[in-house]
Each structure stands twice: as structure tokens, then as C-alpha cells.
Amino acid sequence: MKKITTLLLFSLGTYAFQAQSFIQAYQNRANLVTQSNITTLLQEFGNLGVKTTGSTANTNALNWLKAKYQSYGYTASQIVEDPFTFGSSTSSKNLIITKTGTVYPNTYVIICGHYDTITGPGVSDNGSGTSIILEAARILKDIPTEYSIKFIHFSGEEQGLQGSAHYVNSVVFQNSVRQLNIKLVFNLDQVGGKIGNSNVAINCESDQSGQTGNNAASLSVTQQLAACTTLYSPLQTVMSNAYSSDYMPFEAKGDIITGFYETVRSYNEHTVNDTFANVDPTYVFNVGKAAVGALQHFATASTSLLATDEKAVNHLESVKVYPNPTKDFLNIELPKDVKNFSLEISDMNGRLILNKENETKVNVSGLTNGTYIATIKTKDQKAVRKVIIGK
Ligand SMILES: [Zn+2]
């Protein structure tokens, strides 16, 4: 949401950092975030339309989310809907997925972001955070964590944090009595950037307002978030302040919050321009790696290299498709041992526009300007990339 435009920015050097060491297993799992998954999730989120709280598209997005968690292997008892109503009659649902911790099952690390949008399809605000939470849940499903994790998709954010306020006041607290111990709340909101901008850094947001008793702890976990970002992703970090998103109702109850927000702001939020065409999927991919690294740190994931980590990362993911944007030709640079492959280019309606076999320099001069999906396939692997034709 983010209606306030003033940001208090602090240089990283202002703070004393606690040393945080690199853990290979955390890096391996951060590397399981794939560009193909992120690109596909962003495209699907965009195709769901304008997901205004209470609308059919909003419900369709909820069902899309539930189907994703089911496909990752989460059981019905782990996937809980949290319905709420506000105003005269607007109803929607938050979606909460719980993974139980091994040592502290009753203490929760919350990773959250809203899936409702306003005016536009909201592919950055907040399809970006939504896609990253999905990837984190997919990757960590069978990884032991000492703390329990709740993956939460809030609705009603754009109407004034309605879903998160409901969750805090009716689930976390009941009759003003705390029901859930929360270690920290890690919120992702609008981390999509804008294609063409230099998206090389991410804002790490700490609590500098509201309750004062939780500010120092928020700063500490936000410093840890920044350290994890540097360790597990190629992104730089900018220390910033938390405001106007789903962590704020938690903050008001004294919880410890932190968050990610794009550093170079797109200003496409809450407009018809917040589309798949305008988002930067590479940036979301990089933020995703940082988030998966940090979430493992916060929840104290197993540091052992488990069999699940060692399964081969899709080899084809290293494919390079360039230049992008392009006018006439698209070069396909494959991993060395790949000989036989196909390239399919589809438009945003899913229509197949072009299909080539084993061509590494493809003539795309016949395509009209716009955004396309390129799918590179081998016998058993597939990679997906967003391609822009601009003349
Ligand atoms: Zn938002």
C-alpha cells in the first residue's frame, strides 16, 4: 500500500552489525528459488485481474493460492482460511499456512504479504511478495525449522490493513488475551521494481514508530535481514522504516516487525500500470533468494545439507535470453551440454506466436511490440522468461 512517500533512510554504516555467518545449506535452499517459477507466478497473478477485496477476482486469487499450497504437499489441516468482514458488507479471507517447528512449536515466525490489489492487477503490489512467499513455502516444506512458520496471505490491505488488523485482533488476540507467541513478523510488500530501472538494492524496514518498546528489537532483526540479504542474494541493502503495510497491526500490539520494500520505487502501485509487462522478474527472483535466506535464519532452519537440498537444481535455469528488450533477434545461450531444445514464444493471452527447434539466434522481427513469454524446453526440463519486443 504505502501511501506515505517520505522515507527515513539510514546508511548501513550507521549501525553496528552483529556478525552473522554464512551457512551453505541456507544458500543451497535460497538457490532453489527459480526464475521460471517466479516469472510464471507473476504472470498467473497478473492474469487473475484486479483483485479488489471482496471481488470475484479476489476469491479466485485465494483459490489459486490454496491450489499452490496443495500442489506443494501442504495438508488440509495446515491450510486455514481466516474470513473477515468490514465496512457495511465487504467480506474476504486471509490465508494462513502453518509449518510446525521442531524445538519451539508454539513460537511463530510470520512471513506475510497481501494478495488483494486495487485499480490494477498489482503484479508488483503485491504479486511480487505473494510469489516469494509461495516459493519460500515450496522450498522449506520439508526442511526442519526450530521455530514454527506461518506463511500468511492477507486481503483487505488496500482498504486500510483490514485483513491483518482482523487477524491480529481476532486470532492472535482473543478478548485481548494473546493466543500466539510471535518471534517476529517479516512482511513483503511491493518488491517488484520496474523493468528498466536499476534494481540492485532492497529496502530493509525497521520499526521506528508506534510502540517504542519493540523498536530496538525490530532494528536488530532488520540488521539480520540486511546481513542475510548480502549473504544469500546479489542485492545491496538500504536501511529504511516500516509504515503502511500489514506488519503495522502487529507493531501496535508490541510485536517485532521487519520488512522488504523496493528501493527504486516504480510508482506503478495502485494504477492500471502495475502489470506483468512493467514488473522486473529478475529483481523479484533476487529478493526471493534474500527472503529464503533470511527466513531460514529467523526460523533456525537445519544447517545440515539434506537430501532435498541436493536434488539437482534445474540445469536449464542458467539459460540466457538476450538482448531483452529486443527488436529483431533473440539469442538463446544454453548450458554447454544442451543440444536439442525448442523455443516457444507466447503472447499474454497464452497464444503460441512462434515455435523454433534448436535455433540459438531467433528472428523475432515479425512480432509486434509488447511483452511475451519465452519457454525453452528440453526433453525433461523447462525454463520460462519474460521477453519484451520494442522497436
Ligand atoms: Zn502493497
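How much area is buried between domain 1 and domain 2, and what share of it do carbon and sulfur atoms give? The model is a predicted one, in which local features need pLDDT of at least 70 and side-chain atom pairs count only at pLDDT 80 or more, whereas totals for chains, interfaces and linings use all residues. Residues are numbered from 1 along each chain as its sequence is written, and side-chain values use heavy atoms, with hydrogens and water left out.

The domain assignment, whose bounds come from an automatic or database source, divides the protein chain into domain 1 (12-310) and domain 2 (315-389). Their C-alpha centres lie 31 Å apart, and the contact (heavy atoms within 4.5 Å) takes 13 residues from domain 1 and 10 residues from domain 2. The buried area, meaning the accessible area (1.4 Å probe) that two parts lose on being put together, summed over both, is about 850 Å², and carbon and sulfur atoms give 59% of that area. On the side of domain 1, Ser36, Gln43 and Phe276 lose the most area to domain 2, together 46% of what that side buries.

The interior can be described through nonpolar cores, that is, sets of buried Ala, Val, Leu, Ile, Met, Phe, Trp, Tyr and Cys residues joined through side-chain atoms within 4.5 Å, where buried means under 20% relative accessible area (1.4 Å probe, protein chains only). The largest core has 64 residues, and Tyr69, Phe151, Phe186, Leu188, Phe260 and Val287 have the most contacts inside it; its largest share, 11 residues, comes from α8. Apart from this core lies another of 20 residues, among them Leu316, Ile345, Leu367 and Tyr372.

The structure also holds 13 aromatic pairs, for which the rings of Phe, Tyr and Trp (its six-membered ring) must have centres within 6.5 Å, with planes under 30 degrees apart counted as stacked, over 60 as edge-to-face and the rest as tilted. The rings of Tyr26 and Tyr232 have centres 6.2 Å apart and planes at 55°, so this pair is tilted. Because Tyr26 lies in helix α1 (residues 24-30) and Tyr232 in helix α6 (residues 215-232), the pair ties together parts that are 206 residues apart in sequence; helices here are DSSP runs (H or I, at least four residues), as are strands (E, at least two), numbered from the N terminus. For Phe186 and Phe298, the ring centres are 5.9 Å apart and the planes at 80°, so the pair is edge-to-face. Phe186 belongs to strand β7 (residues 181-188) and Phe298 to helix α8 (residues 281-299), 112 residues apart.

How values were computed. Buried means under 20% relative accessible area, exposed over 50%, partly exposed in between (1.4 Å probe, protein chains only).
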